[in-house]
Amino acid sequence: MGLISSELTDEQFRKISQLVYRLCGINLKNGKEALVKSRLMKRLRALNMYSFDEYIQCIESEKTGRELSHMIDVLTTNKTGFFREEAHFFFLREKFLPFLNDKRVRFWSAGCSSGEEAYSLAISLREYLPRIDSLDAKILATDISIRMLEKAAKGLFERKTLDSVPPGLFKKYFSALGKEAPAVYRIHDAIRDMVRLARLNLMDAWPMRGPFDAILCRNVMIYFDKETQAKLVNRFWDILSPGGIFIVGHSESLAGISHKFQYVQPAVYQK
Amino acid sequence: MKDVAKSQIIAGTKAIPALPRAATKLFEMLQNPDADMAEIEGILRFEPGLTANILKLTNSAYFGLPNKVGSIRQALVLLGRERLVELTMVTCAGALMWKSVPGYNLSPGELWRHSIAVSLAAEGLVKVLNLPEDKRVFTAALLHDIGKLVMGDWIKGDIEKIDELTAQGTSFEVAERLVLGTDHAEIGAEILKSWAFPQELVMAVRWHHQPERADEPSTMVDIVHVANVLCLMIGIGIGIEGLRYELSSSATEKLGLKPADIEQVASSTLQWVDELGNIFV
């Protein structure tokens, strides 16, 4: 291992964070050095590079922007999973979905990564909205990373990533891809068709009009500074329906941010 | 045999999801004019799904409010607490009743549409007859057929026997009773009792096909009965038995209902259901 000089100097960190901030408004300061280092090490290994200087040089000199987008990916992509954080899905299933009585239902998975959250929402809507077949129910799933969106669009998942799907739902909504790749499963079209994938940098203007019934933005805001978080949270507030639900990651909260939401339960808020 | 079925059917009412506590609490508030807004807000605070849908309905074209309503407090001020309770009940009932009901041949949404129509018709009747306002009538009408949710499966199992009886001219609820030992009205009353609704509502559901049998005369019972038959006449919610009920002459007499009144309420009910269709599908 010792082959790679794993030092990330203040100067190197400053360069990287400036780049990232300019590109996607993500503010990597105070205490994010370890996160940046550990995630970028993956890229160094993949490229057979031995120092961060070499890596930064590569990014600054390349014309295609290919490595830059790799870098953004590794820095902004989170561990995701089907039905991650059961408490949130329990809330939606028991306290929210059964009462939705409107023809038009819109959810937004903001920072959707490879789509597991959005597809879990689609399955929940199909299962727990009383009259899903006569509804116009859609999930918008956005991410900054095209690569992640492409992965999400395929709707293919390895068997082991599906362990968190309740067995009944797994049987109902996933099919094995065939003999060649028995460990890969495809999510059914009925679910896939409910999800609309789109690239969006949360810092940019939002092209959609809303309003949304619920927005999930989990473990995304950790990259932003308080001021950016506050701005974003208030934009979410604006685009939700009255009574709409806003869910953040379980380790996040809106404490210390000036906002108008009503607290419902840990990580769950209502407009 | 029949009695076994009845006790099993009554046991089956427990499988119906309970009405959220907030709904029954709010309903009690209808009888308590002193309840203040903060109390009502407080009740809904713990029901985010209910709250969201109430606000959606409040903002729907049906009410035509000029500005977006953003909070329960605003909704209370603009719609009044009675409307708010109605929207709460509609939301809760929708969560329960939006499904197909086998046995009665009701396709998904049909029981729901019928229930809404009967509540609107009941309100219309109260207005046209200049009766003293009792806002609880709406909820009684909304829930009058709730027993079908439980009875449906049993009917399905014994449909041939029931068909045979109705073919000979027996009314549907009597045939239900002859074959299964109970009927959807009785089971509905059991459900309302278990939700702790007041006796008068329980009676309105219990006797919605035979208002003359109510323990004591009740306008609510008569109104729900007439509203139900009226909606079946105009074709909303006709399942297997829809055309096999008749208006009770004692109910229409007591209410002083004239054919012209029925016509008027029927036509406005159709219009309301049409308008609401844009919201509820």
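Two strands pair if DSSP finds at least two bridges between them. Helices (H or I, at least four residues) and strands (E, at least two) are DSSP runs, counted from the N terminus. The legends below use both terms.

This is a predicted model, in which local features need pLDDT of at least 70, side-chain atom pairs count only at pLDDT 80 or more, and totals for chains, interfaces and linings use all residues. Residues are numbered from 1 along each chain as its sequence is written, while chains are lettered from A and ligands numbered from 1 in the order in which they are written.

**View 1. The seven-stranded sheet of chain A.**
This open sheet has seven strands in the order 6-2-1-7-8-10-9, with mixed pairing. Which strands stand at its edges? They are strand 6 (195-199) and strand 9 (262-265) of chain A. Each has a single partner strand, so one side of each is left without a neighbour in the sheet. From one strand to the next, the twist averages 20 degrees. Such angles run from 0 to 180 degrees between N-to-C directions, and the axes are lines fitted to C-alpha atoms, for helices over the stretch in contact. Strands of a sheet pair through backbone hydrogen bonds, either parallel or antiparallel.

**View 2. Strands 1, 2 and 7 of chain A.**
Strand 1 (residues 104-110) of chain A pairs with strand 2 of chain A in the parallel sense, over seven bridges. In this pair, S109(A) has A141(A) in strand 2 as its bridge partner. Strand 1 of chain A also pairs with strand 7 of chain A, again in the parallel sense, over three bridges.

A residue is buried if 20 or more other C-beta atoms lie within 10 Å of its own, exposed if 12 or fewer, and partly exposed in between; C-beta atoms are placed from the backbone.

F246(A) sits in strand 8 of chain A. Five bridges link strand 7 of chain A with strand 8 (residues 240-248) of chain A, and the two run parallel. Across from F246(A) stands I215(A). Strand 8 of chain A is also joined to strand 10 (residues 268-270) of chain A, by three bridges, and these two run antiparallel. In strand 10, Y269(A) is the bridge partner of F246(A).

Why does F246(A) count as buried? It has 25 C-beta neighbours inside 10 Å. Leaving out residues up to four places away in sequence, F246(A) touches I215(A), F236(A), L240(A), F261(A), Y269(A) and K271(A). Two residues are in contact if their C-beta atoms, placed from the backbone, lie within 7 Å. Y173(A) is 73 residues from F246(A) in sequence and 26 Å from it in space, C-alpha to C-alpha.

**View 3**
Strand 3 of chain A pairs with strand 5 (residues 184-187) of chain A over three bridges, in the antiparallel sense. E158(A) stands opposite V184(A) in strand 5.

**View 4. Helices 13 and 14 of chain B.**
Helix 13 and helix 14 (residues 219-233) of chain B pack at an angle of about 35 degrees, with their axes 8 Å apart. E200(B), M203(B) and A204(B) in helix 13 meet M220(B), V221(B) and V224(B) in helix 14. By class, this contact has five nonpolar, no polar and one charged residues. Ala, Val, Leu, Ile, Met, Phe, Trp, Tyr, Cys and Pro count as nonpolar, Asp, Glu, Lys and Arg as charged, and the others, Gly among them, as polar.

**View 5. Where chain B meets chain A.**
How many residues of chain B are in contact with chain A? There are 24, and they touch 20 residues of chain A. Helix 4 (48-58), helix 6 (81-97) and helix 16 (259-280) of chain B each supply at least two residues of this side of chain B. Helix 4 gives the most, with nine residues.
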